[in-house]
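Please keep the sequence and the structure in view while reading.

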Amino acid sequence: MASEKKGLFRKLFAGLEKTRNSIMSGIDSIFSGFSAIDDDFYEEIEETLIMADLGLNTTMKIVEELRAQVKEQKIRDPLACRELLINSIRQQMDVGENAYEFENRKSVVLVIGVNGVGKTTSVGKMAGILKSQGKRVIVAAADTFRAAAIEQLTEWANRAGVEIIAQSEGSDPAAVVFDAISAAKARHADVLICDTAGRLHNKKNLMEELKKINRIIDKEYPDCYRETLVVLDGTTGQNALAQARQFMEVADITGIILTKLDGTAKGGIAVAIQSELGIPVKYIGIGEQIDDLQKFDADEFVNALFQKNTEDQEQ
Ligand SMILES: Nc1nc2c(ncn2[C@@H]2O[C@H](COP(=O)(O)OP(=O)(O)OP(=O)(O)O)[C@@H](O)[C@H]2O)c(=O)[nH]1
Ligand SMILES: [Mg+2]
C-alpha cells in the first residue's frame with residue numbers, strides 16, 4: 001500500500017514537472033535574490049503566481065495571507081517565507097469536503113464539458129479505476145454526435161473491461177441514458193458513467209441537452225446518487241475557469257476533472273479553481289494512458305509542486 005502510494009506520487013510529481021519548473025524557478029530566484037522583505041519582494045511573488053495561472057484573486061489572497069503571517073511572526077529573512085507561502089497556497093485549496101461518496105453508492109456520474117477537453121478519455125480512465133476496485137461499472141455513450149465518439153468510448157470500455165450502452169450516431173442522447181439506466185438497474189451496476197457531447201452548435205443546445213438528460217435520470221433513477229463532473233483542460237489556464245463558471249450556471253456541478261496537467265506549465269489553475277469556485281477538483285489527468293487519472297489530493301499536489309528533487313520524494 002505504501003509503495004503504491006509512493007508510485008502514485010512519483011507519477012504526479014513527474015506529471016507536474018512543467019508547472020513546477022515554472023513556479024519553482026521563479027519563486028526560488030525571488031527567495032535567493034532579495035535580501036529584505038519589501039513591496040518589490042511581494043510584487044515579484046504575485047507576478048510569479050499569476051504567471052503560473054493561479055489567477056489574480058487567488059494570488060491576492062495568498063499574498064495577503066503571507067503578509068499577515070510575516071508581520072505576525074516578525075519574519076525578516078525572505079528565505080523564511082518559503083514555507084509560509086506554501087502553506088498559504090495549501091490553505092486556499094481547502095474546500096473542506098472532497099468526497100468520493102459515489103464510489104460506494106448506486107450512482108450516476110454525468111461527465112460534461114466543452115469540445116476536446118478530455119471527457120471520453122476521463123470516462124474510460126475512471127471506469128478503469130472503479131472496475132479495478134471490484135465495482136460493476138457501465139458506461140453510456142451519450143455523445144451521439146459522431147460515430148467516432150461512440151467507437152472511441154467502445155475502445156475505452158474494452159480497455160477498462162466494463163460494459164457499454166450505445167445507440168447509433170445521431171440518436172437522442174437522453175434515450176441512450178434511458179437505456180443505460182435500465183441496464184444499470186437490471187444488472188445491479190454500482191456506477192453508471194455517462195459520456196456527453198461537447199460539440200453542439202451552440203451553448204443553448206448544449207445546455208438544453210444536459211437538462212433533458214438530467215430530467216431522465218431524475219425520473220428513471222430517482223434514488224441514485226448523483227455526481228456531475230465538469231472536465232476542464234488544464235492547458236487552457238484561465239479559460240478553464242470561465243468554462244467552469246458557465247456550466248455552474250446550468251447544472252449542479254459536484255466536482256471537476258482537470259486534464260492534461262502533464263503537458264502544461266499552467267497547473268496552478270487547480271489552485272484557482274478550488275479557491276475561486278469553491279468546487280473540489282476530484283480527479284486530475286496526467287497522461288493519455290488508462291492509469292493516468294488520479295484522485296486529487298490538495299496536500300500531495302502542493303508537495304509535488306514544491307519539492308525540488310526526487311530525494312525529497314523518498315521521505
Ligand atoms: N496528455 C494528456 N492528454 C489527454 C489527457 N486527457 C485527455 N487527453 C487527450 O486529449 C484528447 C481529447 O480527449 P477526448 O477524451 O477525446 O476529449 P473529449 O472531451 O471527449 O472530446 P469531444 O468528445 O470531441 O468533445 C485526446 O487526444 C486525449 O488523449 C491528459 O490527462 N493528458
Ligand atoms: Mg468525447
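Predicted model: local features only at pLDDT ≥ 70, side-chain atom pairs only at ≥ 80, totals over all residues.

Helix H2, spanning residues 17-33, packs against H12 at an angle of about 65°, and the two axes lie 8 Å apart. Because angles of 65 to 115 degrees count as roughly perpendicular, H2 and H12 are described as roughly perpendicular to each other. On the H2 side, the residues that meet H12 are Thr-19, Arg-20, Ile-23 and Met-24; their partners in H12 are Ala-304, Leu-305 and Phe-306. Sorted by class, this contact of H2 with H12 comprises five nonpolar residues, one polar and one charged.

H12 also packs with helix H5, which covers residues 81-92. Here the axes come within 10 Å and cross at roughly 145°. The crossing in which H5 passes H12 is right-handed. From H5, Arg-82, Ile-86, Ile-89 and Arg-90 take part, and they meet Asp-299, Val-302, Asn-303 and Phe-306 in H12. The contact of H5 with H12 has four nonpolar residues, one polar and three charged.

H6 passes H7 in a right-handed crossing. The H6 side of the contact consists of Thr-120, Thr-121, Val-123, Gly-124, Lys-125, Ala-127, Gly-128 and Lys-131, while H7 supplies Gln-152, Leu-153, Trp-156 and Ala-160. In terms of class, the contact of H6 with H7 divides into five nonpolar, five polar and two charged residues.

The largest pocket has a volume of about 610 Å³. Its lining is made up of 21 residues, and those nearest its centre are Glu-4, Leu-8, Leu-293, Gln-294 and Lys-295. Two or more lining residues come from each of helix H1 (2-15), H6, strand E8 (293-295) and helix H12 (298-306). Which element gives the most to this lining? The answer is H1, with five residues. The lining of the largest pocket contains ten nonpolar, four polar and seven charged residues.

The second largest pocket holds about 250 Å³ of space. It is lined by 15 residues, of which Thr-121, Lys-125, Lys-260, Gly-287 and Glu-288 are the closest to its centre. H6 gives the most to the lining of the second largest pocket, with three residues. Three nonpolar, eight polar and four charged residues make up this lining.

Thr-121 and Lys-125 belong to the contact of H6 with H7, and both are among the residues closest to the centre of the second largest pocket.

Terms used
Residues numbered from 1 in each chain as written. Chains lettered and ligands numbered in written order. Heavy atoms only, no water. Left-handed = near helix turned anticlockwise from the far one by under 90°. Helix = DSSP H or I, 4+ residues; strand = E, 2+ residues; numbered from the N terminus. Contact = heavy atoms within 4.5 Å. Nonpolar A, V, L, I, M, F, W, Y, C, P; charged D, E, K, R; others polar. 1 Å grid on protein atoms, 1.4 Å probe; cavity = no way out; pocket = protein on both sides within 12 Å on 5 of 7 lines; lining within 4 Å. Points joined across faces, edges and corners; volume = space filled by probe spheres on them. Axes fitted to C-alpha atoms, helices over the stretch in contact; angles between N-to-C directions. Parallel < 35°, antiparallel > 145°, perpendicular 65-115°, else oblique.
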